[in-house]
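Trainee: I would like to learn how to read a structure like this one, step by step. Could we look at it together?

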Amino acid sequence: MGYPDQRFDVNLSILFTELPLLERPAAAAAAGFTAVELWWPWIETPTPIRAELDALKKALDDAGTQLVGLNFYAGQLPGPDRGALSVPGEESDRFRENIEVAADFAASVGCKALNALYGNRVEGVDPQTQDALALENLVLAARAADRVGAILLVETLNKPESPLYPLVSAPAAIEVVDKVNAATGLGNAKFLLDLYHLSMNGEDLSQVIKAYAARTGHVQIADNPGRGAPGTGTLPLERLLDELKDAGYAGWVGLEYKPGDRPSAEAFDWLPVSARAAR
């Protein structure tokens with residue numbers, strides 16, 4: 001058990017960001033990793049030109065890295081936004097334009113998990129109106145994911161850093177997952193269990209794992225406080241990942257932490273090189 005027993009991937013939207021996007025897969029590979037994940041890389045557009053999609057696919061392929069998780073279009077992220085699918089008007093339209101683009105790209109690189117960030121509450125808009133729109137869009141996304149053999153992920157964020165985001169507890173995200181699965185009958189909506197966000201919300205992490213490991217489709221980690229590498233804070237991440245494994249979770253663990261003041265390549269000292277390649 002312990003870290004060497006896990007399947008880790010590197011989030012290239014928070015690590016190696018000192019490099020251009022197309023150089024990050026090779027940098028992750030040079031650090032010993034063979035699996036990566038990404039937020040939607042083109043924050044200005046939900047529909048990048050074919051040449052940009054092809055260039056990213058080539059960068060992943062040339063590096064020998066497998067993309068195991070991809071966000072749908074989520075607005076300005078990093079930035080003020082936390083998703084687009086529940087935001088009425090232009091942002092919801094952009095999310096819909098992105099659904100098939102993201103699904104087709106995922107299919108082209110063998111990515112089996114698509115994350116749909118819910119979006120912030122909008123002042124002056126009835127939350128029930130946003131939730132109805134969210135369900136509508138999540139159903140479309142779940143069907144597109146299913147078409148390419150992927151799961152749809154719904155993520156809890158944390159209230160201190162995302163005060164306008166409505167899904168700031170594990171049960172809140174699980175409720176959305178259940179609604180999507182009930183509406184589609186596909187069963188491919190899953191919980192994205194991020195131990196950093198849940199810890200920031202003060203949740204009992206061991207209890208969340210016991211309750212929801214079977215409904216979890218992807219895991220992400222960072223230490224708390226600071227959102228740094230494991231060992232820079234006080235979270236017992238090694239033990240918690242063992243608990244997840246004991247509870248039956250056998251999926252990916254995304255490294256979604258900040259490297260601090262050093263280059264990203266030096267932010268993996270906590271993990272033996274022999275444990276970095278995907279298994």
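Mentor: Helices (DSSP runs of H or I, at least four residues) and strands (runs of E, at least two) are numbered from the N terminus, and two strands pair if DSSP finds at least two bridges between them. This is a predicted model, in which local features need pLDDT of at least 70 and side-chain atom pairs count only at pLDDT 80 or more, while totals for chains, interfaces and linings use all residues. Residues are numbered from 1 along each chain as its sequence is written, and side-chain values use heavy atoms, with hydrogens and water left out.

Trainee: What do the strands form when they are taken in order?

Mentor: The eight strands make a closed barrel in the order E1-E2-E3-E4-E5-E6-E7-E8, with parallel pairing. On average, neighbouring strands of this sheet are turned by 30 degrees against each other, direction ignored; such axes are lines fitted to C-alpha atoms, for helices over the stretch in contact, and angles run from 0 to 180 degrees between N-to-C directions.

Trainee: Where do the helices come in, and what does helix H3 lie across?

Mentor: Helix H3 (residues 90-109) lies across E3 and E4, and runs at about 170 degrees to E3. Helix H4 (residues 127-147) makes a right-handed β-α-β unit with E4 and E5, and helix H5 (residues 170-184) makes a right-handed unit of this kind with E5 and E6. A crossover is right-handed if, with the strands pointing away from the viewer, the path from the first strand over the helix to the second runs clockwise.

Trainee: Is strand E5 enclosed or open, and why?

Mentor: In a regular strand the side chains alternate between the two faces of the sheet. Five of the five residues of strand E5 (residues 151-155) are buried, so E5 is largely enclosed by the rest of the structure; buried means under 20% relative accessible area, exposed over 50%, and partly exposed in between, with a 1.4 Å probe and protein chains only. Ile151, Leu153 and Glu155 are buried on one side of E5, and Leu152 and Val154 on the other. E6 is likewise largely enclosed, because five of its six residues are buried.

Trainee: Which residues have the most contacts inside the largest nonpolar core?

Mentor: In soluble globular proteins, nonpolar side chains tend to be buried together. The largest nonpolar core here has 90 residues, and those with the most contacts inside it are Phe8, Leu255 and Phe268; a nonpolar core is a set of buried Ala, Val, Leu, Ile, Met, Phe, Trp, Tyr and Cys residues joined through side-chain atoms within 4.5 Å.

Trainee: Where does Ala31 lie, and is it buried or exposed?

Mentor: Ala31 lies in the loop between helix H1 (24-30) and strand E2 (35-38), and is buried, with a relative accessible area of 10%. Leaving aside neighbours within four places in sequence, Ala31 is in contact (heavy atoms within 4.5 Å) with Phe16, Phe268 and Arg276. Pro48, in the loop between E2 and helix H2 (50-63), also counts as buried, at 9% relative accessibility.
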